[in-house]
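Keep the sequence and the picture beside you, and try each task before you read on.

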Amino acid sequence: MNAIALLYNTVCYKDVSMSTLQLYFAKGSTFSQRTRVVLLEKGIDFTPVEVDLQNKSDEFTRVSRYGKVPAIRHGDVEIYESAIINEYLEEVFPEPPLFPKDPAQKAIARIWIDYANTRLAPAFAKLLRGKDTQEQEQGRREFLEALLYLEQEGLGRLSGNGPYWLGETFSLVDISLYPWFERLPVLEHFRKFILPSETPRLQKWWNVVRDRPSIRSVENSTSYYIDRFTKILGEPTTTGAAQK
C-alpha cells in the first residue's frame, strides 16, 4: 500500500470510528450476544435497538437485508452477520485486540469461529429442536462429537496453560463459542443432556468465561430460556439418558 492509500484508509477509519454506532439485536439471540460482548469488551459507545423478530420494522430490514440479528449501522456503513460485524469492529476499533496479529494464528482463529457456526450451533439446534426423536438423537450424537472435538483438538492443542481458547488472551473465538454454553441448562431441562465428564477443559474454560463482566452484562437467566423454549417446544420430553 502506498503512502497516499495508507493515509486515505487511516482517515476513513478515523472518521467512521467517530460515527454513532447503532446495534440492532434481540435479547435471546446467540449471535446478537456475540456482537454485544465485542462492543462491551472494546468499550465502544453504541445505541442499542432491540428488534421484535415477529414484527420487524422497515428501518431494521433496510439495514439487515437478511432480516436477521445482529446488524449494525455505523455512519454510512450497514453490516449484518455477527462474524462479519465482529471482524469489522476489530479492524475499526483495534484496541483491545480480540484477534491474533499473526496471519497464521488469525486463520486458525477463523477456523474455530467457523466450527462454532457450522458444527456446534447446528448440532445444538438439532438436539433441542429436532422435529422428532430420531432427529433429536442424531443431534445428540453430533453435539457430543462437537464437544469432544472442541475439548481435544481445540482447547487441548491451543490454550496451553491459559484460561482461554488461544491461551492467555480472551478472543473472538471464545466469544463465538460461549452463547451455546450459556444455554446448556435448556438441553438438560428438555433433553437430559449435560456436559460429559470427558470435557474437563471445556468446563474449566466455561467457568472462567462466564465470569467476565461483558458476558455477565448480556447473559439471560436459566428461567428466561426455560420459559422461552417451553413456549416453543412444549413440556420437556426425555430423549435418551443424560450424558455422564
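**Exercise 1.** Which helix gives the most to the lining of the largest pocket, and with how many residues?

*Solution.* The helix to pick is H5, which supplies six residues to the lining of the largest pocket. Before going further, note that this is a predicted model, in which local features need pLDDT of at least 70 and side-chain atom pairs count only at pLDDT 80 or more, while totals for chains, interfaces and linings use all residues. Residues are numbered from 1 along each chain as its sequence is written, and side-chain values use heavy atoms, with hydrogens and water left out.

Helices (H or I, at least four residues) and strands (E, at least two) are DSSP runs, numbered from the N terminus.

With these terms in hand, look at the contributors, where helix H2 (30–42), helix H4 (82–92), helix H5 (103–129) and helix H11 (222–233) each provide at least two residues of the lining of the largest pocket.

**Exercise 2.** What is the volume of the largest pocket, and which residues are the closest to its centre?

*Solution.* The volume, meaning the space filled by probe spheres set on the grid points, which are joined across faces, edges and corners, is about 830 Å³ for the largest pocket. Of the 31 residues that line the largest pocket, Gly 28, Ser 29, Thr 30, Leu 53 and Arg 228 are the closest to its centre.

The last step sorts the lining by class, with Ala, Val, Leu, Ile, Met, Phe, Trp, Tyr, Cys and Pro counted as nonpolar, Asp, Glu, Lys and Arg as charged, and the others, Gly among them, as polar. On this basis, the lining of the largest pocket holds 15 nonpolar, seven polar and nine charged residues.

**Exercise 3.** How many Å³ of space lie in the second largest pocket, and which helix gives the most to its lining?

*Solution.* The space in the second largest pocket comes to about 170 Å³. Its lining includes Leu 155, Ser 159, Asn 161, Pro 163, Arg 201 and Trp 205, and helix H9 (residues 200–209) gives the most to this lining, with four residues. By class, four nonpolar, four polar and two charged residues line the second largest pocket.

**Exercise 4.** What is the order of the strands in the open sheet, and which are the edge strands?

*Solution.* Begin with pairing: two strands pair if DSSP finds at least two bridges between them. The open sheet has four strands in the order S2-S1-S3-S4, and its pairing is mixed. The edge strands are strand S2 (47–50) and strand S4 (77–80), each of which pairs on one side only.

Angles run from 0 to 180 degrees between the N-to-C directions of axes, which are lines fitted to C-alpha atoms, for helices over the stretch in contact. Neighbouring strands of this sheet are turned against each other by 15° on average, with direction ignored.

Within the sheet, strand S1 (residues 21–25) and strand S3 (residues 71–74) pair in the antiparallel sense over four bridges, and Leu 23 has Ile 72 in S3 as its bridge partner. Finally, helix H4 lies across S1, S3 and S4, and runs at about 135° to S4.

**Exercise 5.** Which peptide bond from Glu 95 is cis, and where does Glu 81 lie?

*Solution.* The bond from Glu 95 to Pro 96 is cis, with omega near -15°, and Pro 96 is in the loop between H4 and H5. Another cis peptide bond joins Val 69 and Pro 70, with omega of about 0°, and Pro 70 belongs to the loop between helix H3 (58–63) and S3.

Turning to Glu 81, this residue lies in the loop between S4 and H4, and its phi is near 80°, a positive value in a residue other than glycine. Glu 81 is partly exposed, with a relative accessible area of 28%, where buried means under 20%, exposed over 50% and partly exposed in between (1.4 Å probe, protein chains only).

Leaving aside residues up to four places away in sequence, Tyr 66 touches Tyr 80 and Glu 81, where contact means heavy atoms within 4.5 Å.

Terms used: On a 1 Å grid over the protein atoms alone, a cavity is a set of points where a 1.4 Å probe fits but cannot get out, and a pocket is an open set with protein on both sides within 12 Å along at least five of seven lines; lining residues have an atom within 4 Å of a point.
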